[in-house]
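Here is a briefing on one protein model, grouped by topic. Please keep the sequence and the structure open while you read.

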Amino acid sequence: MRRLLVAAMLAAVTLVVTSCTSPTTPQAAPLSAADFIKASGSVLKTDSGSGSTINLRGTNVGGWLAHEEWMSPLGEFAVDRTGWSAAASSGTASRAIDGSRSARWTTNANQGGAEWLRLDLGANTVFNRLSIDNSNTPGQYPRNVTVETSMNGTTWVSVANQAGIDGVTTVRFSPQVARYVRVNQTATAAAPWSVGEINLFFDPVHRNTGFTAAASATAGGATASSALDDNLSTAWQSGAPQVPGQSFTVDFGRNVDMDRVLFDAGAATASDYPRSWEVLTSWDNVTFTPVASGYGKNRVIQADFNGWKNARYLRIINQGTAPQWWSIAEIAVSNGNNLNLHGRVVTASAGSSPGNILDGSPATRWTTGAPQVPGQWIQVDLGALVTLNTVWMDTAKNTADEGDFPRGYRLELSRNGSTWKTVATGIGTPKATNISFGAQAARYFRLTQTGTAPQWWSIGELSAGLYNDDYSLNNTLTSRFGTTGAQTVLDAHQDAWLTEADIDNIQAAGLNLIRVPIGWNTFLNLDGSWKSNPWEKLDWLIDEASQRGIYVLLDLHMLPGGACSWGSCGRYGPYPNEFWLNDTYQDWTVDIWEAMATRYKGVPGVAGYDLINEPLIDPSEDADDLKKKNDFYDRLYDAVRAIDPDHLIVLGAFLGMDAVAHPSTYGWTNVMYQLHPYDMGSPTDWTAQDRLVTNELSALPARLTDPGVPLLNGEYSLYYNDDVWARFMAGMNASNVSWSNWTYKVKGAADQFAYWGMYNDNPRPIPIINSDDSATFIAKVGQFVTSNFTKNTRFVETIKKYAGGLSTFAPVPIGHEGWSATASATSFDSSAAAGIDGANSAAWYSGRSQAGGEWYQIDMGAIHTVAMVTVQTPPDARWDYPRGFIVETSTDGTTWASAAKGVAYGWKRPISIAPTTARYIRMTQTGTAPQWWSIDEVTVYSSY
């Protein structure tokens with residue numbers, strides 16, 4: 001009944017769209033009824049399916065109406081500040097932890113090297129990152145800081161020492177358990193030290209319990225295990241001065257996922273950091289793959305892997321030379337978003353082996369061993385205060401354990417094991433139960449079973465964490481600022497993130513489609529009631545886009561409870577996530593789609609309805625999972641069709657065409673199937689990305705024949721490979737497959753996986769979700785207008801080239817006849833000419849570590865048109881790619897014009913440039929790395 005009332009209410013609201021001539025190109029006149037899209041066989045056609053064939057080519061405006069932490073600037077969670085106090089060498093220290101950007105603590109005097117700021121956290125707390133924000137007082141940053149921790153306020157441990165920067169100084173260190181934190185400013189400057197806000201964070205890491213270590217050599221009295229003992233006062237030491245080839249290897253005992261490692265030389269041996277280092281991973285301790293390298297500059301080094309790696313062994317190799325020994329006091333390996341609870345103390349009211357819930361395997365379990373009755377409980381001691389907002393229980397798939405879920409539960413948190421606070425109650429769900437609550441610190445959490453059932457209560461695996469997803473954001477904003485205040489914050493973000501100028505940018509790129517990811521909280525409050533005006537932003541976008549001849553695809557990107565288990569689905573959780581187990585959440589989703597169908601029925605500017613983004617019940621979906629998913633798809637389809645018989649409906653074939661039913665199974669018509677082809681495991685490997693495109697394009701004929709419906713590659717990224725992007729878009733255009741790249745805009749820099757943003761690199765500080773006040777929130781998100789981003793010009797130009805429908809990718813290489821090469825330096829056993837003599841043969845080697853300023857120059861002997869330059873390293877030196885580059889061209893070898901600059905990122909880097917005429921090409925290496933710069937082959941293309 002409620003859905004009918006909503007539909008009736010919304011039926012009275014119409015969206016006014018200007019009618020005009022039907023567009024034939026992406027930048028044509030405003031859309032009219034003649035532009036209404038429908039499926040016709042395996043293609044889309046205008047004029048309700050009877051007009052001309054149209055291919056949708058566009059981008060996603062991610063991060064606007066759906067929060068994804070890596071992309072949008074809506075903030076991150078910090079350690080809970082409840083019970084904190086602050087003191088300082090001078091001034092009002094409490095202003096540094098009041099949540100207000102406008103208030104500040106300041107020394108009110110020039111920095112003299114003895115200033116300090118101390119935090120009392122109230123109890124021992126876990127953290128491994130600290131931030132000091134002075135962005136509201138430019139120039140008043142600490143010139144150098146040392147960070148110390150203490151459990152009693154008397155005995156202090158030094159955990160980091162580094163220079164500050166203007167804006168936000170971030171200090172990383174190994175995980176600490178401490179009550180007190182002291183930040184000392186140890187340099188001098190003709191400016192005061194001011195702190196708008198200081199925060200602590202805990203980025204989850206693997207616990208070192210159970211890990212073992214070995215080294216190439218060890219000093220007498222030292223042990224390799226000292227680097228894994230959670231004690232910065234002990235250290236492994238090499239026992240000899242640093243020379244290349246010294247190694248330290250960690251055996252995790254099992255394969256683990258990781259994306260970075262931190263290693264600290266320790267305070268007592270702070271100068272014993274490796275001058276040059278390389279990190280490798282292995283499954284078998286025999287074959288190792290490089291994942292990171294760099295120079296040591298400080299006792300604390302963090303190596304980022306630029307993507308997730310899975311391995312059993314991690315090896316750090318010293319590649320530098322120094323009179324100091326090499327020492328490691330502590331190693332910390334990242335663990336994604338989940339807290340690593342392995343080895344924590346677990347107690348229970350009944351049953352045996354409660355520790356099984358933390359052993360990493362749902363197949364082992366704890367169980368009550370008796371029918372469910374109220375009062376049964378299980379409790380975890382985290383050892384110190386940890387800030388949490390989620391706990392979930394899981395069981396082994398397709399076993400009787402799936403039915404052993406709690407018929408009722410109460411989740412309580414405690415800081416001391418005596419005083420308990422209830423943070424959530426509810427009814428469990430089969431197989432897995434996901435419990436979210438407001439972020440807060442606790443040492444203990446206890447789950448109490450409150451229902452009655454003949455089944456036992458069993459838990460195969462229990463997880464907990466502080467998750468930054470769309471649900472947690474909205475939940476926290478609402479609890480802190482109220483419904484109206486939360487919406488004010490979100491409106492400020494949305495008004496800055498996407499403006500008319502952005503729609504102009506998309507039009508200027510020649511695109512005719514905007515896929516708009518939408519979170520369910522755009523429409524509904526957390527309790528499922530409708531917001532007072534949920535349509536304002538969508539109506540605006542559809543109208544603005546339609547006036548520019550651009551269609552909008554409505555993508556319900558985030559469903560209540562999460563349609564997959566990743567943050568991109570709106571809520572982190574187990575498999576299956578709660579959406580698939582919660583009838584109420586499914587009803588809300590039907591409500592939303594009925595309302596959208598009612599509002600946008602007949603609107604030609606709406607390309608269609610993308611019902612569920614990336615639906616995934618389990619990574620290995622079986623027949624029962626697929627039936628559940630497709631049955632719900634059919635329910636949504638029927639609900640929409642009962643209101644809107646005409647709009648295209650988009651269904652996700654996520655992770656494969658076999659993940660969605662054939663249209664004939666349910667009688668679906670006027671549908672399009674959507675895929676999201678990514679290879680996120682190999683972002684730096686040109687071959688892997690090229691293979692992905694080859695596989696996708698070769699599969700298109702069969703996919704278009706069966707199931708015989710239009711296809712949309714609704715998200716994809718090919719990282720830094722302009723040529724692979726081009727080939728993919730050309731191939732899709734040739735097959736009339738629609739596409740929308742991911743994504744229009746992302747806050748990260750190009751060397752932080754953000755090359756896929758048409759606009760990227762905005763380093764301004766983001767809000768702290770659980771402590772910044774409303775005014776600070778609004779001020780911060782207001783800095784993320786696109787004018788504060790960097791246009792990814794060459795990427796945009798590559799997209800623009802194919803946005804009009806170009807269906808050929810035919811790069812024309814320039815022959816090497818008559819070419820010669822010179823270089824700034826060359827190793828004794830190679831020559832510059834070896835870099836242009838063909839792939840996989842001899843190579844040019846710089847013969848020295850990359851320091852910036854090295855150059856390699858080609859004389860092509862005659863003037864040619866140059867449109868792209870591809871540089872690749874030798875097969876035996878894949879890591880010898882330039883860490884940064886500038887490409888210049890010249891007709892005479894004297895006067896040079898800049899053609900491109902950026903980061904290389906992998907062994908093969910295609911660099912597209914604005915077509916120009918040149919005889920000479922000069923590449924300058926602008927980064928630093930211990931590796932040489934080596935070139936196996938340079939290929940220059942006159943067109944692509």
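**Briefing: cavities, barrel and backbone**

The second largest cavity has a lining of 14 residues, with Val871, Pro882, Ala904, Arg909 and Ile911 nearest its centre. The model is predicted.

**Second largest cavity**

- This cavity holds about 80 Å³ of space.
- Three strands each give at least two residues to its lining: β41 (855-872), β42 (885-890) and β44 (908-925).
- β44 has the largest share of that lining, at three residues.
- By class, the lining of the second largest cavity splits into 10 nonpolar residues, three polar and one charged.

**Largest cavity**

- In total, the model has six cavities of 30 Å³ or more.
- The largest cavity contains about 120 Å³ of space.
- Its lining includes Asn128, Arg172, Phe173, Pro175, Asp203 and Val205. Arg260, Val261, Leu262, Gln302, Ala332 and Ser334 also line this cavity.
- β10 (168-185) and β15 (246-264) each contribute at least two residues to the lining of the largest cavity.
- Six residues of this lining are nonpolar, three are polar and three are charged.

**Second largest pocket**

- The volume of the second largest pocket is about 810 Å³.
- Its lining has 38 residues, and Pro175, Gln176, Val177, Asp230 and Asn231 are the closest to its centre.
- Pro175 is also listed in the lining of the largest cavity.
- Strands that each supply at least two lining residues to this pocket are β8 (144-150), β9 (157-163), β10, β20 (330-333) and β23 (376-394).
- β10 gives the most to the pocket lining, with five residues.
- The lining of the second largest pocket comprises 19 nonpolar, 15 polar and four charged residues.

**Barrel**

- Which strands close into a barrel? There are eight, in the order β4-β29-β30-β31-β32-β33-β34-β35, and their pairing is parallel.
- On average, neighbouring strands of this sheet are turned by 30° against each other, direction ignored.
- Ile649 stands opposite Val671 of β33.

**Helix pair**

- Two packed helices are described by the angle between their axes and the distance between the axes.
- The axes of α9 (residues 722-734) and α11 (residues 793-803) come within 9 Å and cross at roughly 20°. Angles under 35 degrees count as roughly parallel, so α9 is roughly parallel to α11.
- The crossing of α9 past α11 is right-handed.

**Backbone exceptions**

- Most peptide bonds are trans, and most residues other than glycine have a negative phi.
- Asp706 and Pro707 are joined by a cis peptide bond, with omega about 25°. Pro707 sits in the loop between α8 (686-705) and β34 (711-713).
- Another cis peptide bond runs from Trp742 to Thr743, with omega near 10°. Thr743 lies in the loop between β35 (738-741) and β36 (759-760).
- Ser48 is not a glycine, yet its phi is positive, at about 60°. Ser48 is placed in the loop between β2 (43-45) and β3 (53-54).

Key:
Residues numbered from 1 in each chain as written. Predicted model: local features only at pLDDT ≥ 70, side-chain atom pairs only at ≥ 80, totals over all residues. Heavy atoms only, no water. 1 Å grid on protein atoms, 1.4 Å probe; cavity = no way out; pocket = protein on both sides within 12 Å on 5 of 7 lines; lining within 4 Å. Points joined across faces, edges and corners; volume = space filled by probe spheres on them. Helix = DSSP H or I, 4+ residues; strand = E, 2+ residues; numbered from the N terminus. Nonpolar A, V, L, I, M, F, W, Y, C, P; charged D, E, K, R; others polar. Pairing = 2+ DSSP bridges. Axes fitted to C-alpha atoms, helices over the stretch in contact; angles between N-to-C directions. Parallel < 35°, antiparallel > 145°, perpendicular 65-115°, else oblique. Left-handed = near helix turned anticlockwise from the far one by under 90°.
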